[in-house]
Amino acid sequence: MADVGARTVLLGWVQKVRDLGSIVFLDIRDRHGVTQVVVQDDADLLDRAKRLRSEFVVGIEGLVERRAAETVNAKLPTGDVEVRATAVRLLNEAKTPPFLIGDEQNVSEETRLKYRYLDLRRPQLQKNVMLRHKVTMALRRYFDDQGFLDIETPILTKSTPEGARDFLVPSRVHPGEFYALPQSPQLFKQILMIAGMDRYVQIARCFRDEALRADRQLEFTQIDLEISFATPELVYDIVEGALAAAFEQIGVTIARPFRRMPYAEAIAGYGSDKPDLRFDLKIQDVGPLFAESPFGIFREAVAHGGTVRGFVIPGAAAASRRELDEIVEMARQAGAGGLIYMRRTADGVQSSAKAIGEAATTAVLETMGAAAADLVVLASGAPEAVSKVLGQLRLTVAKKRNLIPDGAWELLWVTDFPLFEWNADEQRWDSLHHPFTSPREEDLPRLASDPGSVRARAYDVVLNGWELGGGSIRIHDRDTQATVFRLLGLSEEQAKLRFGFFLEALEYGTPPHGGLALGLDRIVAMLAGESSIREVIPFPKTTQAVDLMSDAPSTVDAAQLRELRLRTEA
């Protein structure tokens, strides 16, 4: 309203043309929004305005006027004013776009990604891109205030597989040899600590040749940081401050410090190492109640080292048979061999497995704290496996029954991860995070003799069931690092070939250090209320790893392959 009476110039795209004969209304759009333009009382201007079409690029000169009260558009930030045109200039025409440029549309994602330059004109995507910019700038300011140095690390580097496949880049100068695109700057940021840089941060592009889904892309951006003489508490404090700065960009103040939860508790109670705590449905163990049960499936599970676990679904006791069958089918799709449900009825207690008996059913309902209106679901099996199945069912039930509150933000640290997990296919240990993660000091004596019992000084930060980032205190002495490589099945020669430069660097006075990497794409997606990171990445790949707009990947010229001394198989 402060601009009423001022002369102005609008440069942008035509959103809509409304031709009423003696008067034409134009909606002009740029990344700041939409402004209504009025053209009348000038035959030449009217003729020019009538020739305009959607997505034409124009320049409008005119006078800012207050709208009549009955024409105010409360849906637009500029809805109180309009521009009365004194000049209309066509800067460029446009073909009819394959879809309307607006947020309300029924267009396939494939079409949107093929014409991404048009899709990015949509207000919601422009809002997402601007939010991404604001979050990035806020984080840069925050880390600068915390004394971090923004340092770039190489994009063309050595292949040191960290779990996912590397993207390889053939060397023209060294035929038969390859660079790799970094899966993360892990080794370089640790070397920066050896170099005395003390506090490092980078908004880093990373690359992993892995299956794509809603929260994964082949190339992604992470906020990468490392700190010399770090403790987990120091990392927690710095990362919580960074996330607080990010949340400020949407006007939300988050509570600190974040909740802490050991990995074992997260798996047992929620079936996931990234539990969604916005709702209850906590998994409970009732295995001891079935040690001598007449219900053979549960009794045998307990007798052979397994257990019986389940959770309470509030208000679901009155569910119909069809609804109960749906829950059982959800469990089957999650991987459960079977699901038992229990509830109280007007006639007493009821179990879908009558062999369990009334007394045991009552004991389960009371032990799990089920109220009269609640339903209990149970499954049996190996403790961790049954919790993971129930964890998936827990999420599905919460979404199906609308148990997840709107506007809730539940942040927590998951801690005390195992250092290793057993790879049954290859009969060897794998790092649960990566091979540079330090063991807990009290577990270090068991590193060689009982690696499965060793806990890591690792931590993940989780928001509403999404892992935002993970990190650890690192190994800072050569002997421990070499031992870990051996436990992972790397011979001395293999370790030297892959990591020789790093092992040597560890011998030159490496300070204790630790850090973390946060997924920028995931953070912005969560803040924007999007369910896929593709909605906050300007030029993402499809789930088939294709850039539909630029048609990548594609074949290359035979001369290029010859120069690199490569050939493809038919």
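**A pocket, its strands and a set of aromatic rings**

Good morning. The residues lining the second largest pocket divide into 9 nonpolar, 10 polar and 12 charged. Here Ala, Val, Leu, Ile, Met, Phe, Trp, Tyr, Cys and Pro count as nonpolar, Asp, Glu, Lys and Arg as charged, and the others, Gly among them, as polar.

This is a predicted model, in which local features need pLDDT of at least 70 and side-chain atom pairs count only at pLDDT 80 or more, while totals for chains, interfaces and linings use all residues. Residues are numbered from 1 along each chain as its sequence is written, and side-chain values use heavy atoms, with hydrogens and water left out.

I begin with the pocket. The space in the second largest pocket comes to about 790 Å³. A pocket is an open set of points on a 1 Å grid over the protein atoms alone, where a 1.4 Å probe fits, with protein on both sides within 12 Å along at least five of seven lines; lining residues have an atom within 4 Å of a point. Among the 31 lining residues, Gly33, Val34, Leu76, Pro77 and Pro123 are the closest to the centre. Strands S1 (7-19), S2 and S3 and helix H4 (123-145) each supply at least two lining residues. Helix H4 gives the most, with 7 residues. Helices (H or I, at least four residues) and strands (E, at least two) are DSSP runs.

Let us turn to the strands. A barrel is closed by 5 strands in the order S1-S2-S3-S5-S4, with mixed pairing. Strands pair if DSSP finds at least two bridges between them.

Elsewhere, S18 (residues 420-423) and S19 (residues 428-431) run antiparallel and are joined by 4 bridges. Glu421 is partnered by Asp430 in S19. The two strands form a hairpin with 4 residues between them, and Gln427 in the turn has a positive phi of about 55°.

Finally, the aromatic rings. The model holds 17 aromatic pairs, that is, rings of Phe, Tyr and Trp (its six-membered ring) with centres within 6.5 Å; planes under 30 degrees apart count as stacked, over 60 as edge-to-face and the rest as tilted. Phe436 and Phe485 pair edge-to-face, 6.2 Å centre to centre, with 90° between the planes. Phe436 lies in the loop between S19 and strand S20 (458-463), and Phe485 in helix H12 (residues 478-487), 49 residues apart.

Key:
Points joined across faces, edges and corners; volume = space filled by probe spheres on them.
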